[in-house]
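Colleague: Could you walk me through how to read the strands, helices and cores of a model like this one? I would like the general idea each time, and then the case at hand.

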Amino acid sequence: MFSFVKTMTIRKRIIFIFLILSIFLILLLVTMFAYIEIRNSQENYKQLSRQTANGLAFMPALVDAINSGDHIELQGIIDRVRLQAENPVVTVVARDGTYIIHPDSSKIGIHGERDRFAQTLLFGSYVTDNAEGTTGSAIMTIAPVYEEYRGGERIAGAVTVEYLREDINATIVARLFRLLFVASLGIAICIGGALFLARSIQEDTLGVEPSVIARMFREREAMLNAVREGIVVIDQNEAISMINPSAKSLLNPSTNERTLVKVLGLQQTLHTGEVSYDEERVHQGKVFITNRIPLFKDEQVVGAICSFRDKTDIKQLQETVAQMKGYADGLRAQTHEFQNKMYVLMGLLQLEQYEEALKVIQDETAENKQTIPKLRTIEDPGAQAILLGKMAKAAEKKVSLMIDEASRLRKTNISITDMAIILGNLLDNAIDAVFESEQKEVIVMITDIGNEIVIDVQDTGTGIVQDERNQLFMKGFSSKGDDRGYGLAHVYETVKKYGGEIEISLPTDGGTVFSLYLPKWKGEA
């Protein structure tokens with residue numbers, strides 16, 4: 001039953017439920033009314049039969065008619081009473097039990113049933129009962145008729161008032177038919193109300209079925225939880241109606257709701273109805289890139305939605321892409337340089353200068369003998385690729401990038417992107433630091449001996465001013481110019497993500513050493 005109802009559209013479902021409920025309630029009411037009506041009708045007709053019988057019995061004209069035998073005058077009296085009492089069947093018997101008035105004129109003068117009138121004619125009792133009457137089953141009352149006799153009273157006869165069951169039932173049925181008509185009208189009104197309600201709901205849901213709305217809601221929740229951008233929606237009263245988990249993580253939870261709406265620019269969008277893309281907003285030291293659009297209903301602005309992202313994340317992505325591009329460019333430069341050396345060898349061989357050609361080969365082999373074996377001890381593909389790319393970059397800048405012979409690193413769980421942020425930024429800073437120095441050397445030592453992964457990057461640059469050491473990892477701080485200062489901040493955040501620590505030391509002979517310590521349980525595969 002429930003599965004059948006679920007297959008219906010919302011319009012049909014509402015009409016079906018309203019129809020079933022209205023029919024059930026109306027049938028229940030009709031049944032109760034019929035039961036009460038039948039009981040009330042029986043009591044009413046019993047009371048009416050007693051009142052009518054008493055009224056006739058106490059009429060002096062009835063006594064005179066019985067004694068005089070004037071049936072015509074008596075019949076006229078009874079007919080007038082019947083018209084006022086819903087037309088019952090009335091019979092009158094004399095003291096001896098003979099009918100004086102009877103619907104069947106052939107029975108006038110004939111004795112009636114002895115048992116029916118005996119109690120009334122002998123003892124003067126009033127009898128009201130459901131019994132077989134003169135013309136059928138009826139509710140009847142038999143009342144004694146008294147006359148004055150020798151200073152007292154005696155029974156002159158009896159009068160019977162009968163209401164036929166057939167007539168009573170016909171009256172009840174007529175009332176029930178009127179009730180059924182009203183009930184049908186009620187059902188029609190319920191169906192009309194159901195149609196109006198269904199139409200109103202469909203207008204509110206834009207004609208979409210509840211099952212589709214539920215599916216769309218689940219998809220919406222999954223989408224809002226999946227996206228990394230923060231999303232905030234406000235209504236026309238500037239109250240936040242929706243905020244996704246990313247927005248909560250990007251914003252300070254203690255921020256006042258009104259302040260948050262104003263900071264993101266939603267208040268402005270709600271009032272002006274203007275669309276805004278890629279607008280920078282600053283809140284508590286963070287820079288957000290915001291996109292805002294108003295929400296319309298019937299050409300009226302009823303809310304606004306804002307998606308935003310920390311500019312630091314975008315900057316981090318840009319730097320990672322730039323580093324990857326740098327690695328590719330470095331490898332391309334190495335390929336080009338190798339091709340040039342091959343052309344030199346080919347020229348020397350063609351000129352039969354074999355000793356010079358052998359010397360070129362020996363020099364190249366000696367350089368690779370120093371580099372390749374050291375790279376083989378670095379088994380992590382991300383670290384290996386970054387080191388190889390940075391060697392090419394260093395070679396272009398005439399900087400000596402050396403890997404310590406003690407370096408050993410097995411494959412780790414650190415993603416290539418995070419490894420590029422950590423190792424790539426440190427090497428870039430080291431290469432830039434020694435670029436203008438007389439001794440252009442950068443030494444890298446990576447080891448996973450013990451319980452930690454240790455990365456040391458040492459340069460022979462001018463070092464770091466003591467006052468700047470506490471600001472190195474702050475976003476936007478840089479001594480290299482504007483729009484810089486994100487590299488070390490990203491390194492710091494990534495190291496903390498893996499539960500690690502970072503230290504800076506200044507050797508006595510100059511330069512800087514950055515030391516990173518990453519727990520194996522997070523960083524090792």
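Predicted model: local features only at pLDDT ≥ 70, side-chain atom pairs only at ≥ 80, totals over all residues.

Colleague: In which order do the five strands of the open sheet come?

Modeller: Read across, the order is β2-β1-β5-β4-β3, and the pairing is antiparallel. At the edges are β2 (99-101) and β3 (127-132), each of which pairs on one side only. On average, neighbouring strands are turned by 30° against each other, direction ignored.

Colleague: Over how many bridges do β4 and β5 pair?

Modeller: Over 12 bridges, in the antiparallel sense. Within that pair, I139 stands opposite Y163 in β5. The hairpin of β4 and β5 has two residues between the strands, and R150 there takes a positive phi near 50°.

Colleague: And which residue takes a positive phi in the hairpin of β3 and β4?

Modeller: That one is G136, with a phi near 150°, in a hairpin with four residues between the strands. Six bridges join β3 and β4, again antiparallel, and V127 stands opposite I142 in β4.

Colleague: Which residues are buried in helix α3?

Modeller: In α3, residues 60-68, the buried ones are L62, V63, A65 and I66.

Colleague: Why are they on the same side of α3?

Modeller: Look down the axis: these residues cover an arc of only 165° around it, which puts them on the same side of the helix. The face turned away from the buried side of α3 carries the exposed residues P60 and S68. Among the elements covering the buried residues of α3 are α2, α4, β1, β2, β4 and β5.

Colleague: Which residues does UniProt list for "transmembrane region"?

Modeller: Its unreviewed entry lists residues 14-36 and 176-198. In the model, the span 14-36 is 100% helix and 0% strand, with its end C-alpha atoms 32 Å apart. For 176-198, the end C-alpha atoms lie 32 Å apart, and that span is also 100% helix and 0% strand.

Colleague: Last topic: how many residues has the largest nonpolar core?

Modeller: It has 39, and L387, L423, L427, V442 and F514 have the most contacts inside it. Elements that give two or more residues to this core include α13 (381-396), β12 (441-447) and β15 (512-519). Helix α14 gives the most, with nine residues.

Colleague: What is L387 in contact with, leaving aside its neighbours within four places in sequence?

Modeller: Its contacts are L375, I378, L401, I403, L423, L427, V444 and I446. Apart from this core lies another, of 27 residues, among them Y45, V81, V92 and Y163.

Notes:
Residues numbered from 1 in each chain as written. Heavy atoms only, no water. Core = buried A, V, L, I, M, F, W, Y, C linked by side-chain atoms within 4.5 Å. Buried < 20%, exposed > 50% of the residue type's maximum accessible area, 1.4 Å probe, protein only. Contact = heavy atoms within 4.5 Å. Pairing = 2+ DSSP bridges. Axes fitted to C-alpha atoms, helices over the stretch in contact; angles between N-to-C directions. UniProt positions renumbered as here; feature names shortened; annotations may be inferred. Arc of directions from axis to C-beta.
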